[in-house]
Amino acid sequence: MSPRRPPRILGLGGSMRPDSTSQLLLRRAITVLEGDGCPTALLDLRELDLPFCNGDKREPWPSRPDVKLLREEVRAADGVILAGPEYHGTIGGALKNALDLLDFEHVEGKVFGAICALGGRSNSNALNHLRLVVRWYRAWMVPEQVAVPQARTAMPGGVPADPELGARVDELARSVARAAALLRAGSD
């Protein structure tokens, strides 16, 4: 019997803010998984040219190769970690738009995790909305999630001020990888 390959995990960063807390924590999660031997990829939505979704998810967007890249990266992943801000009580628009450009063929059956940065007090609104989107796509969200209240002060110098925050991000990343490996093994 050949050893199973580790799951491929994609980080999808949906913040437009330079030095964003959610992007820093997403990079940490990806680095942890790389250290664990998982193949990873990271898509930073600030670096992609994505159109606003027009409701036709099968649209090939030939003039926008980054739509194809987004779809191929999500399709190739066994698990996806979503990270972004919460704005006005919900998912930031860039991340929601990227998710709207996908369809079942890219997402269904995959494992997801989520990290949200909040400017104010802690809550789970954006995380709950991400859970709804993932469930709508017939995919799985791990039970762990990371909400970062007062995000602008949570990462002085790019390092979590509270070591527990770093530990929670590490556990979220590993939970996505474990669940993706188990789900893939069950379908093999």
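Start with burial: of the protein's 188 residues, 48% count as buried. Buried means under 20% relative accessible area, exposed means over 50%, and partly exposed lies in between, with a 1.4 Å probe and protein chains only. This is a predicted model: local features need pLDDT of at least 70, side-chain atom pairs count only at pLDDT 80 or more, and totals for chains, interfaces and linings use all residues. Residues are numbered from 1 along each chain as its sequence is written, and side-chain values use heavy atoms, leaving out hydrogens and water.

**Whole chain**

Show the cartoon. The protein has six helices and seven strands. Along the sequence the pattern reads β-α-β-α-β-β-α-α-β-α-β-β-α. The radius of gyration is 16 Å, close to the 16 Å from the globule rule for 188 residues, so the protein is as compact as a globular protein of that length. That radius is taken over C-alpha atoms, and the rule is 2.2 Å times the number of residues to the power 0.38. Helices (H or I, at least four residues) and strands (E, at least two) are DSSP runs, numbered from the N terminus.

Switch to the C-alpha trace. It spans about 45 × 40 × 25 Å along its principal axes.

Contacts come next; a contact means heavy atoms within 4.5 Å. Among contacts with a separation of 6 or more, 77% join residues 24 or more positions apart.

**Helix H3 and its cover**

Select 93-100, helix H3. Which of its residues are buried? They are Leu95, Asn97, Ala98 and Leu99.

Val133 is buried, at 15% relative accessible area. Not counting residues up to four places away in sequence, Val133 touches Ile91, Lys96 and Leu99. Draw a C-alpha line from Val133 to Lys96: 8.9 Å in space, 37 residues apart in sequence.

Go to Asp56, in the loop between strand S2 (40-44) and H2. Asp56 is partly exposed, with a relative accessible area of 37%. Its C-alpha lies 9.7 Å from that of Leu102, 46 residues apart along the chain.

Next, check backbone angles. Most residues other than glycine have a negative phi. His88 has a phi near 50 degrees, a positive value. Find His88 in the loop between S3 and S4. Is His88 buried or exposed? His88 is exposed, at 86% relative accessible area.

Arg138 also has a positive phi, near 60 degrees. Look in the loop between H5 and strand S6 (140-141). Arg138 counts as partly exposed, at 46% relative accessibility.

**Largest pocket**

Finish here. The largest pocket has a volume of about 200 Å³. On a 1 Å grid over the protein atoms alone, a pocket is an open set of points where a 1.4 Å probe fits, with protein on both sides within 12 Å along at least five of seven lines; lining residues have an atom within 4 Å of a point. Points are joined across faces, edges and corners, and the volume is the space filled by probe spheres set on them.

Select Arg17, Pro85, Ala117, Gly119 and Arg152: of the 14 lining residues, these lie nearest the centre. Then colour helix H1 (21-35) and strand S3 (79-87), which each supply at least two lining residues. S3 gives the largest share, three residues. By type, the lining divides into five nonpolar, five polar and four charged residues. Ala, Val, Leu, Ile, Met, Phe, Trp, Tyr, Cys and Pro count as nonpolar, Asp, Glu, Lys and Arg as charged, and the others, Gly among them, as polar.
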